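The sequence and structure are shown first.

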Amino acid sequence: MFSFSSLELPIVGAPMAGGVSTPELAAAVSAAGGLGFVAGGYLSAESLAEQIQKTKALTDLPFGVNLFMPVTDEQLPSDADKQLTEFATALDSVSQQLGAELGEAKASAESEARVFDELIQVCVSQTVAVVTFTFGCPPTELVRRLKDSGSLVGVTVTKPEDAVVAAQAGADFLCVQGPAAGGHQSTFSVSDELNQLPLLQLIEQIRSVCSLPLIAAGGIRTGAQVRELLDAGAVAVQIGTPLLLADEAGTSATQREVLQSLERETVLTRAFTGRFARAIKNSWAERYHETAPAIYPGVHEITAPLRRAAASTGAHEWTHIWAGEPYTGLAAGPAAKILRQLAPAVNAETD
């Protein structure tokens with residue numbers, strides 16, 4: 001079974017769903033001495049199987065798969081349909097401006113659970129080295145099933161209480177996500193309030209209630225930060241934003257241009273998907289930050305066609321640009337080069 005101690009570099013490539021993570025990126029991170037990831041969020045079972053097979057064709061080294069826990073009916077407000085209808089109405093002007101139709105909120109707890117079960121079966125049948133979960137913790141029997149198939153199982157947490165739940169479920173390790181992370185915050189419930197503790201303090205708090213190995217994630221840009229987090233007790237760090245401009249990443253042309261040309265603050269907002277996520281502040285975030293309901297994946301499904309249309313035409317004010325804090329000064333190039341820039345401080349103790 002995989003062990004983080006076997007990595008040449010204690011660096012994990014963050015699973016970035018929606019197309020940024022690719023088999024090429026996962027393989028490149030693993031080849032560079034880290035642990036690459038296939039992002040299973042938003043994929044069908046067939047697509048996930050294809051991505052795993054493509055990654056295995058590119059490398060014989062270990063890599064991981066990340067899955068989203070399905071949202072249950074209990075996590076949604078009783079008037080979810082009404083709130084979504086009102087929000088869709090508020091999006092009419094953007095829809096007209098972009099010449100794109102709104103999406104339809106059609107996922108149900110039943111359909112989400114069915115797709116999730118199919119994705120689990122793919123991971124079991126494909127013998128994946130590592131499987132991690134975002135947006136919640138799988139039940140003990142599911143964790144055991146994955147372990148029995150040969151996978152190391154991890155859960156992404158944002159607060160100590162969730163770390164305890166994951167440990168009790170039998171997780172092998174935790175990915176501790178700080179508030180500076182780009183993209184979605186891995187709260188266990190859509191309506192959860194956000195943790196505001198800086199990553200180092202969050203690591204310390206979780207270490208006080210849990211003895212599992214910890215992966216530190218969120219806002220990591222330098223080798224000095226990596227060294228500091230390892231010294232604080234993390235067995236590895238997870239990086240996402242530094243890989244957005246990697247040659248192997250599926251980052252869109254619009255996203256790449258914005259990341260390299262705009263210097264703006266980032267904001268944690270529900271405006272794009274209904275879940276809190278960190279993105280570069282733009283017109284969409286400013287207009288809908290206060291009005292987007294805490295309903296996922298409903299908001300995501302309604303807004304996705306608009307955001308895709310905006311990205312395809314370069315209208316960056318009306319699409320999401322996920323990015324951690326800070327994001328400026330990112331280097332482009334091969335993923336291996338980006339990871340090597342973190343290596344000197346990581347290996348400093350052996351000098």
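## Charge over aromatic rings

A charge is taken to sit over a ring if NZ of Lys or CZ of Arg is within 6 Å of the ring centre and within 35 degrees of the ring normal. In this predicted model, Arg275 lies over the face of Tyr296, at 5.3 Å from the ring centre. Arg275 also lies over the face of Phe135, where the distance to the ring centre is 3.9 Å.

## Aromatic pairs

A pair of aromatic rings is described by the distance of the centres and the angle of the planes. The structure contains 10 aromatic pairs. In one of them, Phe2 and Phe4 have ring centres 5.1 Å apart and planes at 80°, so this pair is edge-to-face. Phe2 is buried, with a relative accessible area of 10%, and for Phe4, likewise buried, the value is 10%.

Phe135, which has Arg275 over its face, is also part of a ring pair with Phe68. The centres of these two rings are 4.7 Å apart and the planes stand at 45°; the pair is therefore tilted. Phe68 lies in strand β3 (residues 63-68), whereas Phe135 lies in the loop between β4 (130-134) and α6 (140-148), so the pair ties together parts that are 67 residues apart in sequence. Phe68 is buried as well, because its relative accessible area of 17% falls under the 20% limit.

## An aromatic cluster

Which residues do ring pairs link into a cluster? The members are Phe87, Phe272, Trp284, Tyr288 and Trp322.

## Cysteines

A disulfide is a covalent bond between the sulfur atoms of two cysteines. How many disulfides does the model hold? The count comes to zero. For Cys123, the nearest cysteine sulfur is that of Cys137, 15 Å away. Because a disulfide requires sulfur atoms within 2.5 Å, Cys123 is in no disulfide. Cys210 is likewise in no disulfide; its nearest cysteine sulfur is again that of Cys137, at 11 Å.

Are Cys123 and Cys210 buried or exposed? Cys123 is buried, with a relative accessible area of 0%. Cys210 is buried too, with a relative accessible area of 6%.

Terms used: Residues are numbered from 1 along each chain as its sequence is written. This is a predicted model: local features need pLDDT of at least 70, side-chain atom pairs count only at pLDDT 80 or more; totals for chains, interfaces and linings use all residues. Side-chain values use heavy atoms; hydrogens and water are left out. Buried means under 20% relative accessible area, exposed over 50%, partly exposed in between (1.4 Å probe, protein chains only). Rings of Phe, Tyr and Trp (its six-membered ring) pair if their centres lie within 6.5 Å; planes under 30 degrees apart count as stacked, over 60 as edge-to-face and the rest as tilted. Helices (H or I, at least four residues) and strands (E, at least two) are DSSP runs, numbered from the N terminus.
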